[in-house]
Amino acid sequence: MNFILGILISSIAVTIIVLIPLLGVGAWNLYTLFGIIIPYAAMATFFIGIVVKVIGWGRSPVPFRIPTTAGQQWSLPWIKPSPIDNPKTTMGVVVRMIFEVLTFRSLFRNTRLEYRRTEGGPKLDYEWEKWLWLAALVFHYCFLVIFLRHFRFFLEPVPGFVSLLESLDGFMQMGVLPIIGFGLPGVYLTDMLLMAALTYLFLRRIYIHQTRYISLPADYFPLFLLLALGTTGLLMRHFLRVDITAVKELAIGLFKFSPDPKILSGIGVLFYIHLFIVCVLIAYFPFSKLMHFAGIFLSPTRNLSNNSRFVRHVNPWNYPVKTHTYEEYEDEFREPMIEAGLPVEKGAESTGETEEAESGEKE
Amino acid sequence: MADTPKPEELAGIDYLPPLFRGWINEPAQIRPGIYCYAAKPKNLDYVGMPNAREWNPVDDDWKLPENWKEIILDGIRERLEKFRSFKLFMDICVRCGACADKCHFFIGSGDPKNMPVLRAELLRSIYRKNFTVGGKIFGILAGARDLTEDVLKELWYYLYQCTECRRCSLFCPYGIDTAEITMMGRELINLLGLNIDWIAAPVANCYRTGNHLGIQPHAYKDMMDFFTDEIEEITNIKVEPSFNRKGAEILFITPSGDVFADPGTYTCMGYMMLFHYLQEQGLDITWSTYASEGGNFGYFTSHEMAKRLNAKMYAEAERLGVKWILGGECGHMWRILNQYMDTWNGPPDFLEEPVSPITGTKFENAKTTKMVHITEFTADLIKHNKLKLDPSRNDHLVMTYHDSCNTARGMGIFEEPRYVINNVCNNFYEMPPETIREQTFCCGSGAGLNAGEDMELRMRGGLPRANAVKHVHEKHGVNMLACICAIDRAVLTSSMEYWVPEVNVTGVHELVGNALVFEGEGERTTDLRGEPLAGMEEEEDV
Amino acid sequence: MYDGGKIIAGLIIGIGLLLAPFFYNAGTAAKAPDPQLTPKAKEAKECVTTALYMKSSHFSLLDEWRHTAVRENERYFKSPNGKIYYKSLQLTCLDCHSNKSKFCDQCHNYLNVVPYCWDCHIAPEEKK
């Protein structure tokens, strides 16, 4: 399995995913299947899958307190501790987790190894490298904003925060472009940034030697799926429009558990492709690396305070073990210990006597 | 033993992984100089570890037990149920590659399977194949593969190329900790008796004699007597350490390396001098020959073995009736004391909350574990002006400080040792920020890899640290590298000799010993190593 | 240590947020829009182009009209079936669709679309 195969297999998979609704709806008119049954099945898989996975993680205990300490511990009163990177309290942990989840703080530390061979031997440097962090952050936030913007299709009446997001996201009013008709309705910043970030995240996978070597089809697949999702979304907004009133009626119907099958045929096939990609994405979610979304919250190197020297941490499966006791130790080394003037529990004579007594009994 | 290549030969590192050959079906080439010798059966037998036998990593036949696959898979299942860390870390990696170039072994070797992510994937691939739906259905596409003998050998080879330093976990956006994965992996292969002797022998020794080096009680005392003479020769002061003394207030435990291996021995002399100095002020401390090991090579085999060895500390403290325990300079010892000891073998209700008998400081951060780090103890003494120090006695040294990986990322003790060093030395320079504190590099030979036969691996792994030392050596003339870890003291000495021969290695308390001014001591002309002090070089010649 | 309570709480919050659309819409009428044609529009039978196109892309057409009329002085639009229309929102579009609140606003409000037509143009006065 090399990177070419990985890319090939993943792109074939995504192509098939696009073709299925294209044929299913476009050629065979399976509207109910693609508009109602599959979305419900995917949502069920998504929610049940996540709950099962997270509960599964939760069933395994955290036997030891193993935070990765990234700052000064709390020790002497005059030494300034690092309350977030080496949290002493739950509050510190909460702040650390907020930074991890909302700002990808650990990833922000990233550096890039720079190796040179000089006359005096190898020379290593650790260079500035924030692109991965930036692309990851841009991608995740854009995805969130786009997801929330979609709430205009999901909620009736549309709440204020959606309007706010829409106006902020579209504030550049790129609708007014010299090319007539393009960019209408208004172009959203997040749409562009999401596609750019995804493209970067894909390109860096093949461009950087290390990631090229470690990447699996399971890494390319979600990227391609998201790129296809974004592409169909953009196409639908700007080029091959569908009846979005009907789309919203369908969405609301789904959320109210009373979808109206009559609307389905009035919506263009592109919508069904977009919807099917979403369904595949969310159904795939609980079984894939995408679960990092929930996993980060449970990571024991991040979500524990470094307090195990002053608050006892209990391991629920702690069990007694066989140890080599002091008595066994002294029994083996008593003679030389006495000779060296080391204190012993039992005197040499007394042991000698008991030994004699024992041997006497045996005799 | 393989000849270790010259530094010039090791310097050419190829970071380019194969372009068209993926890793997943590529068996490992077990190379001399990289791998460690197999555990001798007697060492495994002594502590009752399974499947002890004679075997050789370079042989085709590893004489595995017949049901070895079952043992491994059952072992994985058991550990998935016991450790959330393991379960989670098997599932959530996205292979972003942030960890890839953070590992000292990858940096030094360029071997792509030394990227932390790939080291973990070696085990993950087995997990996926046997424990996940996706892996069972999609196989290699989902990064899953069968557990074969080749896969097992590869796993073994690379699990003993990780020092559990956790540098990767710092950079991982999800905190995935390769140390955790290596620990699980090593537990698993230990079920098949696939240990290395450099770990198995110290474990057996420690179990029997109380310390890794297998020093018997009388030899331990002999060695300390020798240090006593040395100290007297240099300072005219006769120190009187006590051993296994019941009723002492404090029990002192340090790694046995400090007693038997240079340059740790000088650090040991530093402790002895400090304790003697404080005796008049009311320090009542004893050493133990039974708990004569701070380190814990059991930690490099399994949690259970680690717990069995660690139990000695509290057991001895209870037997002697001390109030609390003081711990010497050691790396993984302190990760264990901080993150495991109380959970394993506590609660030590027979001990009291540690209070410094000299300053009255309550060590609140050691309230339940009841064990204080010696640099916390010493920093507190210095802060309270309890020590008369003459830092100029270390003027012949230009210092830098190496944060031990375990105390850095498994505890966070950064300021205490620096405070001590800055009070006993006048010349101190930090290495670049990407190589110290939480971002510190491993010495290159921790987690039981400081054997002789894997010297090439060790020198490669030591390169990032050495490179940073070389930088401050060239820039500031640094000639001494301080650390608070016994393994560091042993292995950095080798890697400095190899990469930066002008720099020596010391423990922090050796520097304290040098600077400590005793009442009525003779004028010192040399440091504890017998090296002339600054300005005393001529007197030496006379 | 399991922290089961925290995990369950986290799951409830996380899943709850994701399920928000189900809760939000539950019990609401969520009436679909019902755009009304004025008698005049009904009588005309057809718009300037197909109803399907107008439904999804009327804003593109309006944008095109604006550009060509204002910048290129092309004042007339030939529909697909050959009819000529004067390019004007107020004089042509709103002539038929004089019921903004019952026609334009119906879908615009439903989908939270805020067209900036009315920043400049004056909406027709509607008969109550």
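B:Phe252 stands opposite B:Trp287 in strand E2 of chain B. The model described here is predicted.

**The strands around E1 of chain B**

B:Phe252 belongs to strand E1, residues 250–253 of chain B, which is covered on both faces. B:Ile250 and B:Phe252 are buried on one side of E1(B), and B:Leu251 and B:Ile253 are buried on the other.

On the E3(B) side, B:Ile250 stands opposite B:Trp324.

**Two enclosed helices of chain B**

Helix H16 of chain B spans residues 331–339, and nine of its nine residues are buried, so the rest of the structure largely encloses H16(B). Among these buried residues are B:His332, B:Trp334, B:Arg335 and B:Asn338. The cover over H16(B) includes strands E3 and E4 of chain B, together with helices H15 (303–320), H17 (341–345), H19 (405–409) and H22 (486–499) of chain B.

Helix H18 of chain B, residues 374–383, has eight of its 10 residues buried and is therefore also largely enclosed by the rest of the structure. Its buried residues run from B:Ile374, B:Thr375, B:Glu376 and B:Phe377 to B:Thr378, B:Ala379, B:Asp380 and B:Leu381. They pack against strands E3 and E4 (371–373) and against helices H14 (264–279), H20 (415–424) and H23 (508–515) of chain B. After H18(B) comes B:Asn385, which has a positive phi near 55°.

**A helix pair in chain B**

Two packed helices are described by the angle between their axes and by the distance between those axes. Helix H6 (residues 116–131) and helix H10 (residues 178–190) of chain B pack at an angle of about 35°, and their axes are 10 Å apart. Their crossing is left-handed. H6(B) contributes B:Pro116, B:Arg119, B:Ala120 and B:Leu123 to the contact, while H10(B) contributes B:Thr178, B:Ile181 and B:Gly185. By class, the residues of this contact are four nonpolar, two polar and one charged.

**Domains of chains B and C**

The domain assignment divides chain B into domain 1 (9–30 + 50–194) and domain 2 (202–515). Taken over C-alpha atoms, the centres of these two domains of chain B are separated by 32 Å. Their contact involves 18 residues of domain 1 of chain B and 21 residues of domain 2 of chain B. On the domain 1 side, the elements giving two or more residues are helices H5 (104–109), H9 (167–171) and H10 of chain B. H5(B) gives the most to that side, with five residues. The domain 1 side comprises seven nonpolar, six polar and five charged residues.

For chain C, the domain assignment gives domain 1 (1–30) and domain 2 (31–120). The centres of these two domains of chain C, taken over C-alpha atoms, are 42 Å apart.

**The contact between chains A and C**

Chain A supplies 32 residues to this contact and chain C supplies 28 residues. On the chain A side, two or more residues come from each of helices H2 (31–59), H6 (151–154), H7 (160–169) and H11 (244–255) of chain A. H11(A) gives the most, with six residues. The chain A side is made up of 19 nonpolar, five polar and eight charged residues.

How values were computed:
Residues are numbered from 1 along each chain as its sequence is written. Chains are lettered from A and ligands numbered from 1 in the order in which they are written. This is a predicted model: local features need pLDDT of at least 70, side-chain atom pairs count only at pLDDT 80 or more; totals for chains, interfaces and linings use all residues. A residue is buried if 20 or more other C-beta atoms lie within 10 Å of its own, exposed if 12 or fewer, and partly exposed in between; C-beta atoms are placed from the backbone. Helices (H or I, at least four residues) and strands (E, at least two) are DSSP runs, numbered from the N terminus. Two strands pair if DSSP finds at least two bridges between them. Two residues are in contact if their C-beta atoms, placed from the backbone, lie within 7 Å. Ala, Val, Leu, Ile, Met, Phe, Trp, Tyr, Cys and Pro count as nonpolar, Asp, Glu, Lys and Arg as charged, and the others, Gly among them, as polar. Domain bounds come from an automatic or database domain assignment. Axes are lines fitted to C-alpha atoms, for helices over the stretch in contact, and angles run from 0 to 180 degrees between N-to-C directions. A crossing is left-handed if the near helix is turned anticlockwise from the far one by less than a right angle, and right-handed if clockwise.
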